[in-house]
Amino acid sequence: MQIGTHVLPNRLFVAPMAGVTDRPFRVLCKKLGAGHAVSEMVTSQPHLYASLKTSRRANHEGEPAPIAVQIAGVEPRQMAEAARYNIERGAQIIDINMGCPAKKVCNVFAGSALMQNEALALDIVDAVVQAAAPVPVTLKMRTGWCQGEKNALAIAQGAQARGVALIAIHGRTREQGYGGEAEYDTIAAVKRALRIPVVANGDIDSPEKAAFVFRKTGADALMIGRAAQGRPWIFGDIAHFLAHGTHRAPPRVLDAQQWLTEHLDDHYRLYGELTGTRSARKHIGWTLKQLPGGEDFRREMNLLDTSSQQLRRLAEWFGELARRHERLPLLPQPASVPLTA
């Protein structure tokens with residue numbers, strides 16, 4: 001798997017998710033088997049470059065290459081400048097956001113709202129590709145704005161003609177948000193029509209589902225988002241299943257505790273004590289919800305106000321869990337949708 005000159009270790013990507021795929025989370029996922037990770041979206045508005053939120057999202061200290069930064073905006077010249085700005089600060093791949101369904105993004109006609117204006121969308125692609133060269137540019141989008149306006153194929157063909165190196169498609173329209181079922185027929189149609197790599201995204205939450213989506217779409221790679229929240233080892237699980245056709249054992253309890261502790265230490269360093277302690281709660285909660293007794297313990301964790309308290313109680317709770325189980329006693333996770341032809 002290759003993006004420009006960057007050879008990736010495998011075909012399993014971390015989907016960019018606002019408020020989730022910060023540097024600590026990307027580093028953790030890459031450590032546990034992801035072959036590529038794209039940053040949270042970074043604004044293209046110059047007056048926000050120096051904001052604390054943007055500076056944190058643009059932090060790549062210690063992150064394994066290639067560094068991929070997703071930019072969002074609606075003005076071609078601004079998007080071109082954002083590409084240059086991030087490349088000067090270490091970005092090795094620029095990703096264009098044309099998939100975010102959030103109202104605050106779509107209300108200013110950015111994200112997936114761009115799919116309503118194909119001419120503007122492709123002007124942005126053209127401007128960013130020219131500004132970023134020779135750094136490769138990728139594109140993340142949806143199948144279309146709504147069920148009656150699925151134009152992913154037209155935009156994908158236009159983006160390929162303008163020099164995009166790879167396209168990732170979430171198998172939902174903007175209208176769906178994250179509800180309903182992802183569909184893969186549109187992704188398969190785009191894959192058949194393009195020469196560049198196509199990445200399938202949406203409802204990939206198990207090794208079996210990953211194998212099914214590869215078969216269904218013919219995609220070159222898969223992008224996994226929500227299923228990696230609290231389960232970052234899913235990339236290794238999928239890679240093992242694709243290679244051997246069997247499931248590997250769940251992680252050892254003490255290994256999972258170490259991964260979570262290392263992740264939280266990095267998280268606290270990036271966000272600081274107050275913000276870091278509060279924002280760490282969601283990552284802790286995602287991990288705990290799949291474990292027996294985890295929901296009760298999560299409520300306790302949400303009352304702790306310091307990072308040291310969080311780490312101490314996690315060590316105690318996982319230590320007790322390890323005395324009863326060598327490996328994580330994972331609760332059954334319902335699949336998002338059945339595997340259908």
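Biologist: In S6, which residue is the bridge partner of Ala-68?

Modeller: That partner is Ile-93. Before going on, this is a predicted model, where local features need pLDDT of at least 70 and side-chain atom pairs count only at pLDDT 80 or more, while totals for chains, interfaces and linings use all residues. Numbering starts from 1 along each chain as its sequence is written, and side-chain values use heavy atoms, with hydrogens and water left out.

Ala-68 belongs to S5, residues 68-72 (strands are DSSP runs of E, at least two residues, and helices runs of H or I, at least four, numbered from the N terminus). S5 pairs with S6 in the parallel sense over four bridges (pairing takes at least two DSSP bridges). S4, residues 36-43, also pairs with S5 in the parallel sense, again over four bridges; there, Met-41 stands opposite Gln-70.

Now for burial (under 20% relative accessible area, with a 1.4 Å probe and protein chains only). Five of the five residues of S5 are buried, so the strand is largely enclosed by the rest of the structure. In a regular strand, side chains alternate between the two faces of the sheet. Here both faces are covered: Ala-68, Gln-70 and Ala-72 lie on one side, Val-69 and Ile-71 on the other.

Just after H6, Gly-163 takes a positive phi of about 105°.

Definitions and conventions: Buried means under 20% relative accessible area, exposed over 50%, partly exposed in between (1.4 Å probe, protein chains only).
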